Amino acid sequence: MNKVEVLEKVKDLGLLAVIRGPSAELTIKMVEALVAGGVLGIEITYSTPNAEEVVRTLSKMLGNGIVLGMGTLTKPEQALSAREAGANFIVSPVCEANLIKSMVESGLLTMAGALTPTEVLHAYNLGADVIKIFPGSLGGPAYIKALKGPFPYIPMMPTGGVSANNVAEWFSTGVVAVGAGSELCPPQLAKEGKFDEITKRAAEFVQVVKSARA
């Protein structure tokens, strides 16, 4: 998939699972459980052990059946290595010029982290395709609504503070998608081997997203 196709797929899905796995093996099992529940947007963070190898494995296993990305990029060189690992998109929690430049140059769909209005505009002007509002929990949906006043043309995605209980509030502000971490896929459930519970949570979350956007 090219960058345009990936963006359209992300918009269509509306939900990215942000995974900080406890180990490479458990992370792969977490993804399998999420996919079984219908969550097809997967972001593996660089804080996951052997993150690039996990992405390589998932790319081979699931191919175009999912939209696969790497997150928590903090170093410019990670943009290229994420692409080589098989990522379809890359996500940073920060707005840093050299980092975003390397992400954009990778040719992958680029999501750059920002919080303040100045950071949002700066990240977008640097070429980010989607602005990750992080941490979303700090301002909540009302904050996104306020940002959309001066920046209605900038695609935004909140991460942090997104749950099944408030997902409808986020979508009401006009975001293109939401990123959900521990509320969707708690690492503790993986450590306890409760993958059926992860699948159940995933199915419920997907349904809530569909209802919120209907």
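Start with helix H2, which passes H3 in a right-handed crossing (right-handed if the near helix is turned clockwise from the far one by less than a right angle, left-handed if anticlockwise). Keep in mind that this is a predicted model, where local features need pLDDT of at least 70, side-chain atom pairs count only at pLDDT 80 or more, and totals for chains, interfaces and linings use all residues. Residues are numbered from 1 along each chain as its sequence is written, and side-chain values use heavy atoms, leaving out hydrogens and water.

Helices here are DSSP runs of H or I with at least four residues, strands are E runs of at least two, and both are numbered from the N terminus. H2 and H3 (residues 51–62) pack at about 35°, with axes 10 Å apart; axes are lines fitted to C-alpha atoms, for helices over the stretch in contact, and angles run from 0 to 180 degrees between N-to-C directions. Among the H2 residues that meet H3 are Ile-28 and Val-31, contact meaning heavy atoms within 4.5 Å.

Now turn to H10 (residues 195–213): H2 (residues 24–36) packs against it at about 40°, their axes 7 Å apart. That makes H2 oblique to H10 (under 35 degrees is roughly parallel, over 145 roughly antiparallel, 65 to 115 roughly perpendicular, and the rest oblique). The touching residues include Leu-26 and Met-30 of H2 and Phe-195 and Ile-198 of H10.

Finally, find Thr-72 in the loop between strand E3 (67–71) and helix H4 (77–85). Its contacts beyond four places in sequence include Arg-20, Glu-43 and Pro-93.
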